[in-house]
Every structure is written in C-alpha cells, then in structure tokens.
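The following exercises concern the arrangement of one protein chain. Please study the sequence and the structure, then work through each solution in order.

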Amino acid sequence: MLWANRHVVVGVTGGIACYKSCYLVRRLVEAGAQVDVILTRGAAEFVTPVTFEALTGRPVFSSLWEPGRALAHVQLGRSADLFIVAPATAHTLARIRHGFADDFLTAAVLAAQCPVVLAPAMNDAMFAAPPTVENVAELRSRGMTVVGPEGGPLAEGAADRPGRMSEPDTILAYARRAVASASPLVGRRVVVTAGPTRESLDPVRVITNRSSGKMGYRLAEAAWQRGANVLLISGPSGEAVPIGVEFEAIESTADLHGAVQRALPAADVLIMAAAPADYRPSESTPTKRPRQQGPVSLSFEPTVDILVATQPDRKPGAVVVGFALETGLDLGKAKAKLERKGLDFVVGNDALEPGAGFEVDTNRVLVLGRDGFRREFPLASKSVVAEQILDLVETKLG
Ligand SMILES: Cc1cc2nc3c(=O)[nH]c(=O)nc-3n(C[C@H](O)[C@H](O)[C@H](O)COP(=O)(O)O)c2cc1C
C-alpha cells in the first residue's frame with residue numbers, strides 16, 4: 001500500500017531507454033500512485049505524450065510556456081512525494097547538478113522538496129566520462145538516489161561498462177527505499193537468516209527440510225526497502241536475492257552459526273527465519289555410502305542452537321526475532337522459546353495449516369513478545385506478514 005495516494009512525478013529525458021519508462025509509469029499507476037509525467041523535448045522525440053497520458057490518465061507536462069500552466073513546475077515540485085528521472089541523460093544530469101532551470105523538468109526538480117531518484121542511461125563511454133562521473137558523485141552527495149546504470153547490451157552494441165538503464169522493478173525498489181526515510185530502520189544493520197540447511201551424509205546425499213526461504217527473503221526485501229542495510233544469510237533456496245540486499249550462502253547449520261556469529265557484532269536487528277537442522281548425521285563419509293540389503297540405521301547428533309549461542313555476543317539493544325514452526329500452533333512452546341532464547345518476539349506458524357508455513361507464498365502467524373505481547377495475524381502473503389513483523393521490530397527500535 002506504500003504507493004497508494006502518493007504523488008509521484010516521473011521525468012523522462014531523451015534516451016533510448018525511454019521505452020522502459022512507460023512500464024515504470026504503468027507499474028506505479030497499478031500500485032495506486034498518482035503519477036505526473038514530464039517529458040523533455042529530447043524525450044518527446046522517442047515517445048509521445050499521448051502514451052503517458054493514456055497510462056496515467058493525466059495530462060503530460062513538457063513546456064514551461066504552456067498557457068494556463070504558468071506555475072505548474074513549482075507546484076509539481078512542491079506537491080510531489082517522490083521525483084524519479086528515468087532515463088536521466090548525461091545532459092540532464094549535468095543540468096540538475098548545476099541548478100539549471102531551462103525547461104519544465106529541470107525547473108521542477110529544482111523546486112522539489114521530496115526525495116529524488118535518478119536512473120542514468122547512456123553510452124558507456126558517456127557514463128565513464130569525467131564530467132558525468134563528477135556530476136553523479138555530486139548529485140549523490142546531495143542526497144539524491146542514483147540507481148544504476150548497469151552493464152549489458154546497449155542500443156549501439158555490447159558494452160562491458162555500465163550504461164544501460166536499470167530495469168523498472170529495480171528503480172521501483174530504490175524509489176520505495178527513498179520514500180521510507182522516516183522508518184527507524186533507516187541506516188540500521190539488519191541480519192536475516194532464511195531457508196533450510198543441508199547436513200551431509202556423504203558427498204552426494206544430504207538431510208534437509210522443506211523450508212523454501214520465502215519468509216526470510218520477503219523480510220530481507222522489506223527491511224531493505226525501509227532503509228536498512230540488510231545481510232541475508234541463506235541456505236539453498238530457489239528465491240532470487242532481493243535488490244540491494246547483501247547475500248551470504250550457507251549450507252550446514254554449522255555454516256549458518258559461523259555466518260551469524262560474524263554478522264552479530266554489527267547487527268541492530270537479528271531475524272532468524274531459517275530452518276536449521278536440529279540434528280546432523282554423526283558421521284559424514286568421504287565417499288558415497290554403498291547400497292545395502294535390509295534396513296539402514298543412521299545415528300544423529302544435535303547441532304548447535306544458534307539463537308541460544310548468540311546471546312552473549314549480541315549488540316546491546318539489538319532486537320531479536322525468532323521463528324517457531326511447529327505442527328500445530330503451540331503457544332506454550334513458543335513462549336518457552338521466547339524466554340530460553342532471549343527473544344524480543346517469537347513468530348509462531350503452523351507447518352500443517354494449508355497456506356501457512358513452508359513452501360507457500362502466504363503465512364498465518366501468531367506473534368508473542370516480551371511483557372506478555374500477543375497478536376494473531378490473519379492469513380496473508382508473506383510480503384504482508386514481513387511488513388507486519390517489521391512494524392513490530394520498529395516499535396522496539398523507535
Ligand atoms: C538516437 C539518440 C539516442 C540517444 N540516447 C541517449 C542516451 O541513451 N543517453 C544520453 O545521455 N543521451 C542520449 N542521446 C543524446 C540526448 O538525446 C541529448 O543529449 C539531448 O540533448 C538530451 O536532452 P534531455 O536530457 O533534455 O532530454 C541520444 C540522442 C540520439 C539522437
């Protein structure tokens with residue numbers, strides 16, 4: 001719901017990546033934002049105002065001198081919650097850097113009182129040229145968010161160096177982060193664990209569990225979008241690493257423990273959504289175990305309880321969230337976990353409930369906190385559940 005009723009101004013300048021701006025605008029409109037588009041003269045050579053008028057249902061701004069819109073550039077700049085310039089040409093970056101106001105777009109950016117996100121796109125040599133490098137560095141230092149550009153094919157052929165405009169979804173993720181400036185998570189280090197672990201039986205076989213990592217990945221994504229610096233430590237998962245999030249891949253519970261211990265001193269928030277194995281085979285053989293006739297018995301030994309082990313090394317004041325996945329929601333067990341593991345919140349979910357727990361995109365959780373806090377949340381997408389959990393984390397940080 002972040003974009004609902006937000007006023008977003010999208011400035012489009014004269015580069016080939018203009019075609020991607022149509023999709024960016026469409027995504028914002030779909031998400032509920034009120035979108036106004038400004039086209040430079042150069043941009044209008046690539047896409048016509050009609051395209052954006054049709055996408056936004058609103059007139060497009062192009063000229064400072066249009067009768068009836070004498071102060072529109074100042075009003076737009078003032079009323080916007082967010083300003084995105086995508087693509088941002090080398091020419092427009094230079095003009096914004098130097099405070100030019102020689103067309104509707106630059107005048108409105110100069111008047112803007114809101115976060116500004118710039119998505120440069122140009123030939124790779126133009127982006128690497130000293131004036132552009134200086135302009136981008138200066139605009140960044142003034143607090144503007146610069147997204148990309150990225151490597152990959154350009155209109156004029158292959159290029160190894162950055163030049164290609166970031167994809168609309170990437171720009172949107174950065175835009176979300178830019179407007180989240182009021183969150184207590186801004187600038188905090190958040191460590192999230194996710195996914196299953198794999199305990200080795202031999203070089204080809206492992207003991208693992210059904211965790212997909214979805215809940216942890218959504219938490220990492222949402223924390224980054226609220227302005228946190230996020231490290232996601234994950235066991236094998238099919239999920240894509242969320243934009244902006246640092247990533248460390250692990251395999252076993254021992255790996256996870258090591259990674260968490262290393263991350264712990266800096267962590268303001270620790271969210272343990274991974275499903276580490278509680279037991280591992282007592283022996284992992286160096287060669288493949290041969291097939292045997294009759295039943296096979298294996299012996300297991302307990303792995304380290306990571307949350308318990310982290311207690312002495314946590315940063316003072318760190319907010320710690322644990323997950324308790326059980327077959328059936330067991331309040332007593334969740335409460336015991338909260339106390340024994342020194343958690344601020346424990347999130348209980350039921351592995352047997354349809355639409356909750358492992359491998360699905362939705363979850364229904366019960367959250368218990370210290371001081372008797374207790375809240376049941378209805379079944380919702382894991383993205384929504386992640387936001388609800390982070391709202392609780394923020395109350396502790398705030
Ligand atoms: C076919 C074509 C493609 C262009 N693509 C880009 C581009 O991707 N990035 C860029 O910085 N300039 C590009 N330019 C140059 C700009 O259009 C030119 O610098 C213009 O003055 C930009 O004005 P504006 O920033 O006000 O839109 C291109 C020019 C042409 C003719």
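**Exercise 1.** State how far apart the centres of domain 1 and domain 2 lie, and describe the contact between them.

*Solution.* Taken over C-alpha atoms, the centres of domain 1 and domain 2 are separated by 38 Å. Domain 1 covers 7–179, and domain 2 covers 189–278 + 300–397; such bounds come from an automatic or database domain assignment. To the contact, domain 1 contributes 4 residues and domain 2 contributes 5 residues; two residues are in contact if their C-beta atoms, placed from the backbone, lie within 7 Å. On the domain 1 side there are 1 nonpolar, 1 polar and 2 charged residues. In this classification Ala, Val, Leu, Ile, Met, Phe, Trp, Tyr, Cys and Pro are nonpolar, Asp, Glu, Lys and Arg are charged, and the others, Gly among them, are polar.

A note on the source is needed here. The model is predicted: local features need pLDDT of at least 70 and side-chain atom pairs count only at pLDDT 80 or more, while totals for chains, interfaces and linings use all residues. Residues are numbered from 1 along each chain as its sequence is written.

**Exercise 2.** Determine the order of the strands in the open sheet and identify the strands at its edges.

*Solution.* First, the order: 5 strands form the open sheet as S2-S1-S3-S4-S5, with parallel pairing. Strands, like helices, are DSSP runs numbered from the N terminus (strands: E, at least two residues; helices: H or I, at least four). Two strands pair if DSSP finds at least two bridges between them.

Second, the edges: S2 and S5 (145–146) each have a single partner strand, so one side of each lacks a neighbour in the sheet.

Third, the bridges: strand S1 (residues 7–12) runs parallel to S2 and is joined to it by 6 bridges. Gly11 has Ile38 in S2 as its bridge partner.

**Exercise 3.** Name the residues with the most contacts inside the largest nonpolar core.

*Solution.* The largest nonpolar core has 54 residues, and Val10, Ile84, Ala86, Val117, Ala119 and Ile171 have the most contacts inside it. A nonpolar core is a set of buried Ala, Val, Leu, Ile, Met, Phe, Trp, Tyr and Cys residues joined through C-beta atoms within 7 Å. Among the residues that Val10 touches, leaving aside those up to four places away in sequence, are Leu24, Val35 and Ile84. A second, separate core of 52 residues includes Leu185 and Val245.

**Exercise 4.** Describe the shell around the ligand by class and by its nearest residues.

*Solution.* By class, the shell has 7 nonpolar, 8 polar and no charged residues. Of the 15 residues around the ligand, the nearest are Gly14, Gly15, Gly42, Thr89 and Met122; a residue is near if its C-beta atom, placed from the backbone, lies within 6 Å of the molecule. Helix H4 (residues 90–97) gives the most to this shell, with 3 residues.

Key
A residue is buried if 20 or more other C-beta atoms lie within 10 Å of its own, exposed if 12 or fewer, and partly exposed in between; C-beta atoms are placed from the backbone.
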